[in-house]
Amino acid sequence: MNRERADGQLAQIAGTVGLARRLGIDVWLRGGWAMDFFLGRLTRDHEDIDWFAPAADAPALAAGLHELGYRPLDGVPPEQQLDFVKDGLESSFTLLDFAADGRALVAGGPWAGTPWPAGLLAAEPGRLGGVECPIVSPEAQIEIKQMMPVWDTRRPRRHKDAEDIARLREALG
């Protein structure tokens, strides 16, 4: 495991949480880092840091990240996701809209308006290395990791996702 990279990513997670709090913006870790925060331990190397954030807050979030030295990256349509890099480490913010009942929806792109799994944002904050962070619920994490290759057939099933699902299921009992 690349401990220097993990420490840099953990520091960026703490910085992003601090920024979001200062700006009054909600953010939630998703993906492998959310799993590690749920489990309370580092389980594997992570390519990037994945987040959810409200689409309505995207301009303020982008401006705040710019002030912290993040540079935007091109990629996914900006109404769907914002991607940034700082110190060679990437962070991606998948944007959310919300239904009248509060359920999280895909904000943009070809699946705009599609509901994310129920309970997506209902988890207690996770903790890792002295950092506390809002996270996606482990049940929703499992569903997303299982269904992503079905929802988006361009994304093949990955070995690390199967391992993450097994870790989450074991922790949930």
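**Covered helix, nonpolar cores and aromatic pairs**

In helix α2, the buried residues are Gly31, Gly32, Trp33, Ala34, Met35, Asp36 and Phe37, where buried stands for under 20% relative accessible area, exposed for over 50% and partly exposed for values in between (1.4 Å probe, protein chains only). The model is a predicted one, in which local features need pLDDT of at least 70 and side-chain atom pairs count only at pLDDT 80 or more, while totals for chains, interfaces and linings use all residues. Residues are numbered from 1 along each chain as its sequence is written, and side-chain values use heavy atoms, with hydrogens and water left out.

**Overall form**

- The protein chain has 5 helices and 8 strands, these being DSSP runs numbered from the N terminus (helices H or I with at least four residues, strands E with at least two).
- Along the sequence the pattern of the protein chain reads α-β-α-β-α-β-β-β-β-β-β-α-α.
- The radius of gyration of the protein chain is 15 Å, which agrees with the value near 16 Å that a compact globule of 173 residues would have; the radius is taken over C-alpha atoms, and the globule rule is 2.2 Å times the number of residues to the power 0.38.
- Taken along the principal axes, the C-alpha atoms of the protein chain fill a box of roughly 40 × 40 × 30 Å.
- Of the 173 residues in the protein chain, 45% are buried.
- When contacts (heavy atoms within 4.5 Å) are taken between residues at least 6 apart in sequence, 57% of those in the protein chain join residues at least 24 apart.

**Helix α2 and its surroundings**

- Helix α2 is mostly covered, with 7 of its 9 residues buried.
- After α2 comes Gly40, whose phi is positive, near 80 degrees.
- Leaving aside residues up to four places away in sequence, Trp33 touches Ala6, Gln9, Leu10, Ile13, Leu42, His46, Asp48, Ile49 and Leu128.

**Nonpolar cores**

- The largest nonpolar core has 29 residues, and those with the most contacts inside it are Ile13, Leu29, Trp33, Phe37, Trp51 and Phe93; such a core is a set of buried Ala, Val, Leu, Ile, Met, Phe, Trp, Tyr and Cys residues joined through side-chain atoms within 4.5 Å.
- Two or more residues of this core come from each of α1 (3-23), α2 (31-39), β2 (49-54), α3 (58-67), β4 (81-86), β5 (89-98) and β8 (131-133).
- Helix α1 gives the most to this core, with 6 residues.
- A second, separate core of 11 residues includes Leu120, Ala140, Ile144 and Met148.

**Aromatic pairs and a charge over a ring**

- A search of the whole structure finds 4 aromatic pairs, for which rings of Phe, Tyr and Trp (its six-membered ring) must have centres within 6.5 Å, with planes under 30 degrees apart counted as stacked, over 60 as edge-to-face and the rest as tilted.
- The rings of Phe52 and Trp116 form an edge-to-face pair, since their centres are 4.9 Å apart and their planes lie at 70 degrees.
- Because Phe52 lies in strand β2 and Trp116 in the loop between β6 (104-106) and β7 (126-128), this pair ties together parts that are 64 residues apart in sequence.
- Both Phe52 and Trp116 are buried.
- Phe84 and Phe93 also form an edge-to-face pair, with ring centres 6.0 Å apart and planes at 80 degrees.
- Phe84 counts as buried at 5% relative accessibility, and Phe93 is buried with a relative accessible area of 0%.
- Trp51, Phe84 and Phe93 are linked into a cluster by ring pairs.
- The charged end of Arg30 sits over the ring of Phe52, 5.3 Å from its centre, a term that requires NZ of Lys or CZ of Arg within 6 Å of the ring centre and within 35 degrees of the ring normal.
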